[in-house]
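Biologist: I have a structure here and would like to go through it by question and answer. Can we start with the strands and then turn to the side chains?

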Amino acid sequence: MTPSSESKDIFTAILGNLKEKYEELTDYRNNISWKFFQGKAPEAYKLDFDSSSWDTVTLPLRFDARKGEAWLRCKVTIPEEVQGIKTQNSMVKLSSSAILDKSDIYVDERKVLSAEYWMELRAKIVLDERAEPGREHVIAIHLFPKAEPVDIPEFHVMYSNVEKIAFEIDSFIQEIRFASFLDEKFARSVLEEFDSSVFKRDLLSLIDEIEKARSKLSALSQKSKEFKVHLVAHAHIDMNWLWPWEDTVNTVRDTFSTMVKLMDTYGDFCFSQSQAVTYKIVEDNSPKIFEKIREYAGKGNWDITASMWVEADLNMAGTEALIRQFLYARRYIDEKFNVKPKICWEPDTFGHIWTLPQILRKSGIKYYYFMRCGKGHPLFWWEGPDGSRVLAFTSVYNNTVTPKNIVDLAVDLYERYGLKISMFVYGAGNHGGGATIEDIEAAYEIRKKPTMPDVLFSSAQKFFEDAERKIEEKSLSVPTINDELQFTFDGCYTTHGDIKRYNRLCEALLVDAEILCSLADIYHQDRLRETWLKMLFNQFHDILDGSGSAEAYVYPRMLAQEVIEASEEIINSAIKTLSDKIDFSKDGLPVVVFNTLSWDRLDVVKVRIPKNLIPQNPVAVSYDGRYKSPVQVHGDELTFLAHVPPVGYITYYIVEGDASEEPFLAKDDNVLENEHFRLEINKSSGTIRTLYDKMNKRFVFKEDRYQFTRPVLSNLMQVLYEVPHPMSAWIIGEISRIENLRNAEIEPFENGPVKGTVKVKWKYHNSEINQYISLYKDLPRIDFYTIINWQEVSDDETEAPMLKVSFTPILDKSKAFFEIPFAYIERTPDGTEVPALRWVDLSDEEYGLSLINNCKYGFDVKGYTVRMTLIRTSYSPDPRPDQGVHEITYSLYPHRGDWKKSMTFRVGYELNRPLKAYPILARSESECRLSEPEERSLLKVKPDNVVISCIKNSEDSNDIVIRLYDATGEGAESEVQFNFRVGEVYETDLMENPMKALKFQDGKVSLRLKQFEIKTMRVKH
């Protein structure tokens, strides 16, 4: 349906002439002479201010705001006409895009716009309500200092009389395009009758000829109006991106207030808004606006697309936290608006995990809207590894309504899929704003044109429902993508390490708090929900991804501290409540050890006990004598290994033992050895000289791998230098060179029967890295507790150092695997920086190495080398995001066979969810009968590849909700053994709605998990 070669001449000629006329007519818009001055000029906004000595500049312009404030001034004199079009009585407007800086705009000495952080200029500034030729207006823009250069966009002055003519010409160009698309032969016949001589006459004659042609083209009106474009207005509102929390609140309030006023004026106008937190902000701060939103939502004008609490980063929101984004958002929206959105709205997030389709479907969501990381298809079925799928649509989320944009979209979707339905998302965004009057008026004008698609103010859900129905009715061929949608903004996996560490820690603490409350049977429902919401806010993509300004992180850091304090209080309360009920049967100092994971576990216990209570030669003995472990004392901290049942606890007694005959783990200043490994550290570089796996009789690492070749270094600290580049927080720049850190200082730090530690110290410029490499008795992993005092800085003129740690195991034809929420994914080991959660693994058919971490998300694998990014020195928008002290623990887990058989995922959980120990310093004197045993397990699950990700109270009852998933992609015939009284058990969706009863017999429930499937149970007790 595109013009053939024989008809192109007339189309080319007329369209060429029309475009030329349009450009001639609109050339006046930016014909503005600007004066620029950097420095103080407090009177510069006044009409009589003399700026003749200032520099004459052309916009757009970048100026270095680090050097101080600046001013722009111009004078606009209204002409009598533009290309023959009279300006008399025109409305005169000033428009632009946005200035990302504190700014004030003055018109004729009057301040008309002011912004602290982001000046949105899509909504045009009125210079004159009724133009008078010869009248002069003075525009002054005051720009304030900032910690980086600032871009000033181009400004346009627009006269309504002229713009009406320009719109008609622009629209007619698109009408011709669309008519030729619908019926090339007919459109050609109309153009053949077009009087081309009008191009040599005045514009009003051209408009007359356009109207004649329109009248003829209207014969195609029925065909054209079969094409429906759903106009979906939206305001993307970033949480604290380049501004503090208080400004976010104001942005939400102002945006929502503006959209309500537009609905008051335009009865059919519709607006879609995501992120449940934005509604909570308005409910708390502007209850009258909130009630108006409820009113318009009931009428269908206000479309709520808030299926998540915030528009979260999807790569780093780990497992259970991702479910809570949906659970709490959807419950809140349903409670306040009686709405259950069927769409997930994530246009600005920086990548989309492969498991998301399943999470969406099990949350009651059928549709997905996004922008970044598509695979070349604007519309497709997105399928997860379990087979779940959603209908996905991708587009720019902050577009403007123009005839060309509408026609381009309608034609594209029809040519690709035969679909006559499309969705056009528009509205000022990032700092809010939403639809403008100009957008709405343009839509009304487009609707009037007989040979344009039918445009209707609509909702995203209506588009998806219409599109899905047409796809099914007509059996249209829409592609299916069964893959993750990645990658962009690779620097965001590392920048602002503080907020990423908080994220991992808070996720773990909250899940542990719920489990321990369930175990202790004292559930703090409201406080847990409130604490979760604080944590979920910090997963907003620009916050968690490290791409915010310095002031943007003040509020998130405060929230993180509140989450940590609240979670720890809840955990301690639950542990104390339960421990106080235990009937202790042995002499010695009882230590109750808690395991919140769903498998039997041997792991490290660390507990502080007053020195006067620590016996000589202490040992830890389980209450029943099954387990006995040496105890290593360091000041008032005791370390031992404990066997603990799944989702439960066991009591150990610290008692006096014989003088230790246990072998110590440090064999030399730089050698550690336990039952599993012998580790030798290079004394000069701090790298691993050799790591020998004693169980499997093979080297994991060997520095001098081949005779007369370069050494192969592991645990190698590398500094990569990024060439200066824009968007440094988001993007890893070109690497100019790599510096391997050597000249390490090595010293023994700790030696005992439980733990051996060697300290390694590197210095780099103004920074220092102190690392404590530890082996534990009986544990098949090596821990690297690392404290980095990073004092490097960079800017747009200085290369930025990035710190990575590198490992190259001895493997053959290895593959690279990465943990993602509720699953894993294999990726090509091509050196690309990619995200992962707790672990990354390199394995061949016989052997492998897993790299485990407790707070990092950025990795690259090339060939047999895996690197983890520890710190980047970005400088924009935050000039000092990672200057300071960083605490990181990572572990090596060498294993026989693949990571699935070796259950790497368990080691990942264990490092992130350490055992919790509670010492009983004084036993209860209560005469009440103590009711709890010295060991208890809430439940057990099998087979081994099934992980329980949460145990919590239901949101609307005292039922217990248990979520589990297949961690290896092998599926499972799963069995859950309950060790508490159970009435009925139901399978539910992720929103905790019962779906079907499960058979409960002999204290067990059996359920089948498909590969990568997430299952949720609701247990009445």
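Predicted model: local features only at pLDDT ≥ 70, side-chain atom pairs only at ≥ 80, totals over all residues.

Biologist: How many of the seven residues of strand S38 are buried?

Modeller: In a regular strand the side chains alternate between the two faces of the sheet, so both faces have to be checked. On one side of S38, Leu716, Gln718, Leu720 and Glu722 are buried, and on the other Met717, Val719 and Tyr721 are buried too. Strand S38 (residues 716-722) is therefore largely enclosed by the rest of the structure, and the number buried is seven of the seven.

Biologist: What is the bridge partner of Glu722 in S44?

Modeller: S38 pairs in the antiparallel sense with S39 (residues 735-740) over five bridges, and Leu720 stands opposite Ile738 there. Seven bridges join S38 to S44 (residues 800-807), also running antiparallel. In S44, the partner of Glu722 is Ala800.

Biologist: What kind of aromatic pair do Phe271 and Trp302 form?

Modeller: A search of the whole structure finds 60 aromatic pairs. For Phe271 and Trp302, the centres are 5.0 Å apart and the angle between the planes is 75 degrees. Planes over 60 degrees apart fall in one class, and the pair is edge-to-face.

Biologist: How many residues apart are Phe271 and Trp302, given that the pair links distant parts of the chain?

Modeller: Phe271 is buried, with a relative accessible area of 0%, and Trp302 is buried at 2%. Ring pairs also link both into a cluster with Phe256, Tyr279, Phe290 and Phe337. Phe271 lies in strand S17 (residues 271-273) and Trp302 in strand S18 (residues 302-304), and the two residues are apart by 31.

Biologist: Over the ring of which residue does the charged end of Arg389 sit?

Modeller: Arg698 lies over the face of Tyr847, at 4.1 Å from the ring centre. The charged end of Arg389 is 4.1 Å from the centre of a ring, that of Trp381.

Biologist: Which cysteine has the sulfur nearest to that of Cys344, and how far away is it?

Modeller: The search of the whole structure finds zero disulfides, and Cys344 is in none. A disulfide needs sulfur atoms within 2.5 Å. Cys344 is buried, with a relative accessible area of 0%. Its nearest cysteine sulfur is that of Cys373, at 15 Å.

Biologist: Is Ile575 buried or exposed?

Modeller: Ile575 lies in helix H17 (residues 554-579). Not counting residues up to four places away in sequence, Ile575 touches Leu516, Phe594, Lys916 and Tyr918. The cut-off is under 20% relative accessible area. At 5% relative accessibility, Ile575 counts as buried.

Technical notes. Residues numbered from 1 in each chain as written. Heavy atoms only, no water. Phe/Tyr/Trp six-rings, centres within 6.5 Å; stacked < 30°, edge-to-face > 60°. Helix = DSSP H or I, 4+ residues; strand = E, 2+ residues; numbered from the N terminus. Buried < 20%, exposed > 50% of the residue type's maximum accessible area, 1.4 Å probe, protein only. Lys NZ or Arg CZ within 6 Å of the ring centre and 35° of its normal. Contact = heavy atoms within 4.5 Å. Pairing = 2+ DSSP bridges.
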